[in-house]
Amino acid sequence: MVGIDSSHLLRDKILCFTSRSHMNKQHRKTCSSLSLNQMKLPIPRIVAFASARGEGEAESFSRLEATFGDNTSTECTWSFDFPQSKVEVSHLQSEAHLSGSNGDNNVASVIEKLNALRSHLLAAEKWNSSQLHLCDSKYLECATNLVHYMALRSLDFEQLNNHLASLGLSSLDNNNLDVLARLNASINLLMNDQNAVTESWTNAYPKGKSTKKKDKGRVLSYKESLLGKPREGRSTHIMVTVGEEATLSETFITDILKAGTSIIRINCAHGDQSIWGEIIKRVRRTSQMLEMPCRVHMDLAGPKLRTGTLKPGPCVMKVSPKKDAYGNIVSPAVVWLCLTGTEPPAHISPDATISVQDQDFLAGLQIGDSIRLCDARGRKRRLKISKEFPVFSSTGFVAECFDTSYIKSGTELSAKGKKGRRLVGRVVDVPPKESFVRLKVGDLLVITREGSLDEPSVTVPGAHRLTCPSGYLFDSVKPGETIGFDDGKVWGVIKGTSPSEVIVSITHAGPKGTKLGSEKSINIPQSDIRFKGLTSKDIKDLEYVASHADMVGISFIRDVHDITVLRQELKKRKLEDLGIVLKIETESGFKNLSLILLEAMKCSNPLGVMIARGDLAVECGWERLANIQEEIIAICKAARVPVIMATQVLESLVKSGVPTRAEITDASNAKRASCVMLNKGKNIVEAVSMLDTILHTKLIYKKPESENLH
């Protein structure tokens, strides 16, 4: 065998299914016009029927080497490559046109083409053998099938599929869980009885239901090793992203687990170890208490470009009663008045929460009391107590507010208590307003290196300003390149650059402008920014993830080198059981997916792929997203790797409480994945419940091949 570079499969003289342009010139000269029909001499007779005769792959390769020798260089007649283009394959298939009137000749001709195709697959496997043997033993079969699948996909076999259909056989790419077995079954059927080829595929498949059950068992084992066993009656996991809000409510984790969540996701790009630890502690405790298994997934932040952190806004909240079109008050604002950190009862949905620290102040209140205050504008306002609820060791109250009020931390509350005693309390823990810039079409935005936002801009006075903590942005971008923000909600064109500033002209935003705040994504699809595979923050966070979580998400995977770095870090820390989820969110990650999977299979860790549709759509183009998604699912199915569908699943329901019709269909189509991820939002519990119903409602009509084997 020819030696292979450990970081790239089949480079230079080695044949690789990911790049059809690497064909050796000498081989191209001798084989460019070779047809599938011509390839039958003599390889199919030696190799292609090994399975039919009961010979193993090792023995069939021995026979191959006995005929052609062990020299597999490009000088050997046993040189294979994938066709340069569909034009070439069309030429191959034009010679295979089955227009003869003799049925036996038609069948014989199809057998010849299938034999040649089988040889093509085995050749791809042999050329990749040195890399395949580096895979962990539990992934060797998966990796081999992936090589077969990519070899098959390198050909345009649509016409051959039509011929198979006319003979009553299923298409070659119908079951990519075992490509070679499907091909062998077709050959065996046609060889056994050329005069009775109209027998149905289900009855004719040599290994029948046992093989199908075996394939499904294999896939389920890989799925369960990463995601855990699904709950009874369930086949698809539900993952929910949580943040600091999970630590502010005693019932949040319980509610989403009861609704159907089986995996909790924490994004290491937000929060810190104290927040992550509290979330994980609550998840473990609640999971054990409810006897509902729930795994923890933590995403490393990765080298993603984001906007910097803006200074927090003022700690003030607006409390407004509901008004009609004429400005008349229809109903008062509902306010929950309580001790710090006390949640209202589940059936209460307040418009605002006012927290106080003084227990004596609350203890002296009763229904009907009026609380007086002076708001942030100096206007006198009044809250009237309407309901009282015991909450743990304290008491909470529902109050009504009939006038618009701006309440800030430190606002004094006063009331007349029992026996005329004056009660005084102070408002605490009003969260700061979110800071943002509102961008409109035609606006200029100056992005500066983090730490320089306070310096006056002499370049573009009066322009909106944001920071970016990554130096990659300023070192790589060029004028004229497009730039997107917040998953494509805002777009612009780079007008100028300097070592510390990038000037952007906004070309796309909402009619009334679009808010752009802290830690929002930045995408530059046309720029060739070379990131590190794992940042220093990622490596630091990996230590924490390894000791607290069940699986880790690797963000912005681009090529094999990123996986090589990851494998080194895992090996250094002896993390053999930590689940690995490869997030595909760039065009290079999508293009290199097959090689990325083969490299990842060199370690024994449970493996999965997440389709991060947010960045993927921005990087590759919205119109291509659906096709890219289907391609990723197909490749992962061939590799028997579980898939996680992510980004904007039931997004409208999560944010506003009402789903769109298209979201329901999208969620239903996600049944093909092993897991579906929901992002956080105020209606997340309802969204989890609806998704659980959608995913696990049996279809009235089900296509034979629509079985969820992921």
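Is Ile522 buried or exposed? I looked that up before anything else. Ile522 has 4% relative accessibility and counts as buried (buried is under 20% relative accessible area, exposed over 50%, partly exposed in between, with a 1.4 Å probe and protein chains only).

**Ground rules.** I'm working with a predicted model, where local features need pLDDT of at least 70, side-chain atom pairs count only at pLDDT 80 or more, and totals for chains, interfaces and linings use all residues. Residues are numbered from 1 along each chain as its sequence is written, and side-chain values use heavy atoms, leaving out hydrogens and water.

**More on Ile522.** I found Ile522 in strand S22 (residues 522-523). Helices (H or I, at least four residues) and strands (E, at least two) are DSSP runs, numbered from the N terminus. Setting aside neighbours within four places in sequence, I listed what Ile522 contacts: Leu305, Arg306, Thr307, Cys468, Ile483, Gly484 and Phe485 (contact means heavy atoms within 4.5 Å). Cys468 is 54 residues away along the chain, yet the two C-alpha atoms are separated by 9.0 Å.

**Whole protein.** I noted 24 helices and 27 strands. Of the 710 residues, 54% count as buried.

**Salt bridges.** How many salt bridges does the count come to? I got 28, taking a salt bridge as a side-chain nitrogen of Lys or Arg within 4 Å of a carboxyl oxygen of Asp or Glu.

I checked Glu278 and Arg282, which form a salt bridge with the closest N and O atoms 2.8 Å apart. They sit 4 residues apart in helix H13 (residues 273-290), so about one helical turn separates them. An α-helix has 3.6 residues a turn, so residues three or four places apart point the same way. Glu278 is partly exposed at 24%, while Arg282 is buried at 9%.

Next I looked at Arg284 and Asp550, whose side chains meet in a salt bridge (3.1 Å, N to O). Arg284 lies in helix H13 and Asp550 in the loop between helix H16 (536-548) and strand S23 (551-554), so the pair ties together parts 266 residues apart in sequence. Arg284 is partly exposed at 31% relative accessibility, and Asp550 is partly exposed too, at 25%.

My last pair was Arg624 and Glu587, a salt bridge with its closest N and O atoms 2.8 Å apart. Arg624 lies in the loop between helix H20 (613-620) and helix H21 (625-639) and Glu587 in helix H18 (residues 587-591), so this pair ties together parts 37 residues apart in sequence.
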